[in-house]
Amino acid sequence: MKVLYNWLKEFVEFGATPAELRSRLSTSGTSVDSIEESKAGPVLDAELNANRPDCLGHYGIAREVAALYGAGLKKVEPKFAEAASRVSDAVRVTIEATDVCHRFTARVVRGVKVQPSPDWLRHRLEALGHTPINNVVDVSNYVMFELGQPLHTFDFDKLGGNEIVVRRARAGEEIRTLDGAKRTLTKETCVVAGGAGGQRAESIAGVMGGADSEIGFATRNVLIEAAWWDPIAIRRTSKALNLRSEASMRFERGTDIEMAELASRRAAELIVQLAGGEVLQGVVDVYPDKWKGAEIELSSAEIVRVMGEPVPGLEVEGTLKALGFKPKRGASGATGVAWKCKRPSWRRDVTREIDLVEEVARIYGYDKFPGRLPAAKSPAKREALAEAEELLRDRLAGLG
């Protein structure tokens with residue numbers, strides 16, 4: 001993933017140069033292959049592990065930087081005025097494919113003026129290897145690169161009604177996607193459908209939107225979709241259709257289900273700033289099973305056992321807090337200090353105590369731990385037949 005140095009500095013204050021940041025990120029597990037210059041400033045080309053979808057947005061990388069440098073991470077707090085009309089009166093959402101879609105949010109912006117994006121937005125997207133299209137579509141892509149949450153924007157007037165249905169495709173159902181290709185779907189494909197009762201597929205869920213409801217210069221009313229899709233289902237669909245996108249790549253790895261509504265608000269804020277219009281009051285948020293973060297315990301004794309050296313308690317707490325684990329220190333016992341940590345929604349990969357040890361160690365710095373072999377549990381001794389085997393080996397060698 002390409003990361004803009006100046007974009008990171010909007011979320012966290014740090015004094016490291018791009019080269020220094022590259023080195024520090026690389027030693028903490030986020031390998032940065034190179035640094036390039038662009039109209040938007042220095043661009044770091046980062047290679048991310050498959051289990052770190054939280055870093056597929058600048059905000060996730062900024063969280064890492066804040067933890068590494070002990071700096072504060074600025075909150076994303078979108079602000080915009082809302083109309084008197086409620087969005088729930090303009091659109092309703094039904095999720096039929098509940099095994100694929102665990103959350104779907106819809107927000108409507110009326111009276112926009114679609115036009116080319118300003119230079120700052122175009123330069124940032126171009127630096128990330130993305131072609132600008134227009135201010136509304138560019139905002140949805142910008143928010144994806146910023147927060148890691150893919151969005152889709154529909155021309156609301158082309159949806160054929162006020163009903164959105166998330167369902168399985170019908171066998172043989174066709175859709176023309178944004179790349180211009182007509183695709184035949186199977187019953188395994190999940191679609192976002194519009195019209196009365198969700199008659200017409202408007203997008204392939206989590207992969208790519210449909211051309212029939214795409215944003216154009218004549219668009220006046222926009223529906224913003226921010227949803228969470230099952231990673232396995234999206235991977236199967238993408239592979240079956242031989243269709244990959246920036247959105248599908250993120251959904252395949254597992255996005256943050258709690259980010260959907262915030263990303264929707266952020267998109268609405270930017271659309272109003274760049275395209276005008278008014279945001280209908282509220283959001284349609286179908287979210288049946290809300291996220292409940294599991295609690296994981298970490299002990300100072302386990303850090304010593306795995307890493308060979310203790311880490312100061314304040315360092316442990318500061319690191320876990322910066323990464324979003326909300327550590328609570330328990331009473332000290334014979335095995336040292338223990339913390340109860342709540343797993344944040346963006347770190348589904350952290351499930352065990354050893355995972356927390358790794359988080360602390362990589363931020364603290366692997367170079368601070370001495371390189372040494374673990375202590376032997378018993379003294380070494382020769383096996384009973386070792387001398388006889390050596391004698392036999394010598395005799396056989398002597399005989400050729």
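Q: Let me set the terms: helix axes here are lines fitted to C-alpha atoms over the stretch in contact, with angles from 0 to 180 degrees between N-to-C directions. With that settled, at roughly what angle do the axes of α6 and α7 cross?

A: This is a predicted model. In it, the axes of α6 (residues 231–241) and α7 (residues 246–253) cross at roughly 140 degrees and come within 7 Å.

Q: What does that make α6 and α7 to each other?

A: They are oblique to each other, because only angles over 145 degrees count as roughly antiparallel.

Q: Is the crossing of α6 and α7 left-handed or right-handed?

A: The α6 and α7 crossing is left-handed.

Q: And which residues in α6 meet α7?

A: On the α6 side, Pro 231, Ile 234, Arg 235 and Ser 238. They meet Ser 248, Phe 251 and Glu 252 of α7.

Q: Which loop is Asn 242 found in?

A: Asn 242 sits in the loop that runs between α6 and α7. Its phi is positive, about 55 degrees, although Asn 242 is not a glycine.

Q: What about Lys 326, what is its phi?

A: Lys 326 also has a positive phi, about 50 degrees, and is not a glycine. You'll find Lys 326 in the loop between α10 (313–322) and β18 (328–329). With a relative accessible area of 60%, Lys 326 is exposed.

Q: Staying with β18, what is the strand order in its open sheet?

A: The order is β17-β19-β18, three strands with antiparallel pairing. β17 and β18 are the edge strands, each pairing on one side only. Between β18 and β19 (residues 338–342) there are two bridges, and the two strands run antiparallel. Arg 329 stands opposite Trp 339 of β19.

Q: Which strands does α10 touch when it packs on the sheet?

A: α10 touches β17, β18 and β19, and its direction makes about 5 degrees with that of β19. Helix α11 (residues 353–364) packs on the sheet as well, touching β17 and β19, at about 60 degrees to the direction of β17.

Q: Switching topic: how many disulfides does the count come to?

A: The count comes to zero disulfides. Cys 101 is in none, and its nearest cysteine sulfur belongs to Cys 190, 6.6 Å away.

Q: How many of the residues of β6 are buried?

A: Eight of the 10 residues of β6 (residues 101–110) are buried, so the strand is mostly covered, given that buried means under 20% relative accessible area.

Q: Which strand do nine bridges join β6 to?

A: That's β14 (residues 221–229), running antiparallel to β6. There, Cys 101 has Trp 229 as its bridge partner. β6 also pairs with β16 (residues 284–286) in the antiparallel sense, over three bridges, with Ala 106 partnered by Val 284. Two bridges link β6 to β15 (residues 278–281), again in the antiparallel sense, and Val 109 has Val 279 as its partner there.

Q: Where does Pro 288 lie?

A: Pro 288 is in the loop between β16 and β17 (295–299). Its relative accessibility is 55%, which counts as exposed. Its C-alpha is 9.7 Å from that of Phe 104, although the two are 184 residues apart along the chain.

Q: Last one: in what order do the five strands of the open sheet come?

A: They come as β5-β8-β11-β12-β13, with mixed pairing. β5 (92–95) and β13 (208–209) stand at the edges with a single partner strand each, so one side of each has no neighbour in the sheet. Four bridges join β5 to β8 (residues 163–168), and those two run parallel. Arg 92 stands opposite Glu 163 of β8.

Technical notes
Residues are numbered from 1 along each chain as its sequence is written. This is a predicted model: local features need pLDDT of at least 70, side-chain atom pairs count only at pLDDT 80 or more; totals for chains, interfaces and linings use all residues. Side-chain values use heavy atoms; hydrogens and water are left out. A disulfide is a pair of cysteine sulfur atoms within 2.5 Å. Buried means under 20% relative accessible area, exposed over 50%, partly exposed in between (1.4 Å probe, protein chains only). Two strands pair if DSSP finds at least two bridges between them. Angles under 35 degrees count as roughly parallel, over 145 as roughly antiparallel, 65 to 115 as roughly perpendicular and the rest as oblique. A crossing is left-handed if the near helix is turned anticlockwise from the far one by less than a right angle, and right-handed if clockwise. Contact means heavy atoms within 4.5 Å.
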